[in-house]
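Subject: Structure handover

Hello,

Here is the structure I said I would pass on. Please look it over first; my notes on what was found follow below.

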Amino acid sequence: MSIRRFAPGQFWNSIGSHPPVLTIPSGDTVAAATVDAHGFDHMGTQRAVRPNPMTGPFFVTGAEPGDALLVSIHEIRMTRATGWTYDVLSPTVMDPQALARLPERRKTEWLIDAAAGRARLAAPPPALADWSVAVEPMIGCLGVAPDLGQAISTATSGRHGGNMDYRRIAAGVEMMFPVAVPGALFFLGDVHARQGDGEIVGTGIETAAEVTFSLTVMKGEKIGWPRGRTAHEIFTIGNARPLDQALQHATTEMLDWLIAAHGLDAVTASHVMGQQVRYDVANVFNPAYSVACRMPRAVLA
């Protein structure tokens with residue numbers, strides 16, 4: 001596999017029709033550097049400002065509105081031995097009357113041992129002195145330029161993708177996005193060394209990385225919301241607030257996918273979904289919440 005390496009000179013805090021940094025043929029592979037959610041690179045130098053500075057956009061030859069862009073994530077290599085989170089839960093996941101008893105939120109450093117595959121707090125509270133977590137790198141923010149000339153903040157998400165913070169968007173996953181502009185204009189960034197469901201402290205373990213990915217045009221593949229495939233499942237992601245609307249988008253997209261790609265009618269697909277679907281609350285911190293609807297591939301076979 002031939003890989004183009006890309007070191008960004010500038011970053012974007014919105015996903016939109018910005019000038020492309022690289023034009024690639026459909027199917028080509030790129031290894032691109034990313035900075036963390038506050039713009040700090042692999043050396044700890046601040047190269048951009050919050051929120052979630054993006055690398056890109058990448059123009060894919062042949063991509064046109066009405067197509068889908070397939071993003072195959074091959075590798076997420078963390079390039080810094082530190083990361084950071086906040087230290088208390090987000091107000092969005094707490095009872096309002098409980099917020100007064102929480103301390104003020106602080107940015108907290110983590111130490112990342114990529115060789116050992118573990119991360120731990122740099123200055124842990126006594127009860128967590130010997131505690132560490134497995135490193136599971138994921139991409140928090142990625143997507144394509146939206147339609148109507150919009151430039152949408154990287155703090156949020158929508159049909160185009162964006163800041164979905166779904167922990168399953170990791171190496172080995174294929175993502176699909178609806179193409180709204182010529183070339184698709186693909187962006188990515190906001191890599192986390194690890195994150196639980198919901199991003200409930202407002203961050204994952206934010207760090208710098210190099211992501212290796214391929215971009216392939218799916219001609220005439222008209223989709224409404226981001227889709228994904230792993231070795232064992234397919235999934236759809238809805239992005240909206242309130243949370244039930246995000247779930248509705250994800251569920252409708254899964255129904256449409258089963259009907260269009262698997263030869264099921266609405267009743268048959270509903271029976272299968274009713275017994276097999278699993279939901280993940282991907283994010284409940286961002287302006288738009290994200291919900292994923294998952295289906296086992298073995299069932300569809």
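With a relative accessibility of 35%, Ser26 counts as partly exposed. Please keep in mind throughout that this is a predicted model.

Ser26 sits in the loop that runs between β3 (22–24) and β4. Leaving out residues up to four places away in sequence, Ser26 touches Val60, Thr61, Leu215, Thr216 and Val217. With one of these residues there is also a polar approach: a polar atom of the Ser26 side chain lies 2.9 Å from the backbone nitrogen of Val217. Ser26 and Leu70 are 44 residues apart in sequence, and their C-alpha atoms are 9.5 Å apart in space.

**Strand β4**

β4 pairs with β1 (residues 3–6) in the parallel sense, over four bridges. In that pairing, Arg4 stands opposite Val30 of β4. β4 is also joined to β17 by six bridges, and these two strands run antiparallel. Here Ala31 stands opposite Thr212 of β17.

As background, nonpolar side chains in soluble globular proteins tend to be buried together. In this model the largest nonpolar core has 34 residues, and Phe186 and Phe213 touch the most other members. Two or more residues come from each of β4 (29–34), β5, β6, β11 (138–144), β15 (174–178), β16 (186–192), β17 (209–218) and β19 (233–240). The most comes from β17, which gives five residues.

What does Phe186 contact, leaving aside its neighbours within four places in sequence? The list is Thr55, Gly56, Pro57, Phe58, Leu69, Val71, Leu142, Gly143, Val144, Phe177, Phe213 and Leu215. There is also a second, separate core of 15 residues, with Met254, Ala269, Val277 and Met295 among them.

**Asp67**

Asp67 is in the loop between β5 (54–60) and β6 (68–78). Is Asp67 buried or exposed? Its relative accessibility is 5%, so Asp67 counts as buried. The side chain of Asp67 reaches two backbone nitrogens: that of Glu64 at 2.9 Å and that of Gly220 at 2.8 Å. Not counting residues up to four places away in sequence, Asp67 touches Gly62, Phe177, Pro178, Val179, Val217, Met218, Lys219, Gly220 and Glu221.

**Ile223**

Ile223 belongs to the loop between β17 and β18 (227–229). Ile223 counts as buried because its relative accessibility is 9%. Residues up to four places away in sequence aside, Ile223 touches Ala68, Met176, Phe177, Pro178 and Glu253. Ile223 and Met78 are 145 residues apart in sequence and 32 Å apart in space, C-alpha to C-alpha.

**The sheet from β7 to β10**

Strands of a sheet pair through backbone hydrogen bonds, either parallel or antiparallel. Four strands of this model form an open sheet in the order β7-β8-β9-β10, with antiparallel pairing. β7 (82–86) and β10 (133–134) are the edge strands, each pairing on one side only. Inside the sheet, β8 (residues 107–113) and β9 (residues 118–121) pair over four bridges in the antiparallel sense. Leu111 has Arg120 of β9 as its bridge partner.

**Helix α1**

Helix α1 (residues 243–262) has 20 residues and reaches 28 Å from its first C-alpha to its last, close to the 28 Å expected at 1.5 Å a residue. Which residues of α1 are buried? They are Ala246, His249, Ala250, Glu253, Met254, Trp257 and Leu258. Seen down the helix axis, the buried residues of α1 fall within an arc of 165 degrees, so they line one face of the helix. These buried residues pack against β15, β18, β19, α2 (266–276), β21 (289–296) and α3 (297–300). After α1 comes Gly263, with a positive phi near 70 degrees.

Regards

Technical notes
Residues numbered from 1 in each chain as written. Predicted model: local features only at pLDDT ≥ 70, side-chain atom pairs only at ≥ 80, totals over all residues. Heavy atoms only, no water. Buried < 20%, exposed > 50% of the residue type's maximum accessible area, 1.4 Å probe, protein only. Polar contact = N/O pair within 3.5 Å; in protein donor to acceptor, adjacent residues only side chain to side chain. Contact = heavy atoms within 4.5 Å. Core = buried A, V, L, I, M, F, W, Y, C linked by side-chain atoms within 4.5 Å. Pairing = 2+ DSSP bridges. Expected span 1.5 Å × (residues − 1). Arc of directions from axis to C-beta.
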